[in-house]
Amino acid sequence: MCKVIAIANQKGGVGKTVTTENLGIGLAMQGKRVLLIDADSQGSLTASLGFGEPDKIDYSLASVLGLLINDEAFDPLAGLLHHSEGIDLMPGNIELSGIEVSLVNVMSRETMMREYIGWMRPLYDYILIDCTPSLGMLTVNALAAADSVLIPVQAAYLSAKGLEQLIKTISKVKRQINPGLEIEGILMTMVDGRTNYAKEIIQLLRDGYEGQVHFFTSDIPLSVRASEISAIGVSIYQHDPKGKVAQAYLSLTKEVISHE
């Protein structure tokens, strides 16, 4: 059985891409077959995995969705890129911005990505979708296609404040489009454990949502080493294997597998 997880938060800079990359490669290290989908028009995941200049890639997620919108035949395996650490990637780029506009006038516009992922499910154990930092049509498509949502939240006031709107959107998608959608959990990211401020934000979130939503036991610590990996195209496991961030993502990976 394949599990599809959307990594979503409408606020940017909370660690969605870093989490998608390192959770995906962590799952591959545990022997899982993993596909990552870059559903963000900025192409951050594609660039972070070492495929420079995503906007010059000829065939991407936008190409697939364009063919589906026009009801044209397509090869589900076309355009997949393979990363040396054992995962496959369907890249994303700026063309997704045009697709998002096109989707507004399409019948069954919320389920285009679900149709593509339906073709890919038999080939993988996990499919992770790196969502765009908005609650637009591409994010709704990802939520409609997913089995669960993993929500990275930075230990900061504005990031925590935006969580309520995201959870409302997830509930609405569950009610109207995807009844099987669950929240995988909230992952605290960029946590500076030395500050009372971070501790207060985490406690505020736990007080507000614990009991309704699972909180992952692993918090991802703030680290310069983690921010460097996007520039060099490898995971934290290769860049800083003995560091706290690598250990935290390994712990997260094992916790996600335990939810199977």
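Predicted model: local features only at pLDDT ≥ 70, side-chain atom pairs only at ≥ 80, totals over all residues.
Local features need pLDDT of at least 70 and side-chain atom pairs count only at pLDDT 80 or more, while totals for chains, interfaces and linings use all residues. Residues are numbered from 1 along each chain as its sequence is written, and side-chain values use heavy atoms, with hydrogens and water left out.

A pocket is an open set of points on a 1 Å grid over the protein atoms alone, where a 1.4 Å probe fits, with protein on both sides within 12 Å along at least five of seven lines; lining residues have an atom within 4 Å of a point. Its volume is the space filled by probe spheres set on the points, which are joined across faces, edges and corners.

| Pocket | Volume | Lining by class |
|---|---|---|
| Largest | about 210 Å³ | eight nonpolar, six polar, no charged residues |

Ala, Val, Leu, Ile, Met, Phe, Trp, Tyr, Cys and Pro count as nonpolar, Asp, Glu, Lys and Arg as charged, and the others, Gly among them, as polar.

Of the 14 residues lining the largest pocket, Gly15, Val18, Met190, Ala226 and Ser227 are the closest to its centre. Helix α10 (224-232) gives the most to this lining, three residues; helices are DSSP runs (H or I, at least four residues) numbered from the N terminus. The lining of the second largest pocket includes Asp192, Arg194, Arg225, Asp240 and Lys244.

Helices α4 (residues 95-103) and α6 (residues 137-145) pack at about 80 degrees, with axes 9 Å apart. Axes are lines fitted to C-alpha atoms over the stretch in contact, and angles run from 0 to 180 degrees between N-to-C directions. α4 is therefore roughly perpendicular to α6 (65 to 115 degrees). Leu96, Glu100 and Leu103 in α4 meet Met137, Leu138 and Asn141 in α6, where contact means heavy atoms within 4.5 Å.

Conventions
Helix = DSSP H or I, 4+ residues; strand = E, 2+ residues; numbered from the N terminus. Parallel < 35°, antiparallel > 145°, perpendicular 65-115°, else oblique.
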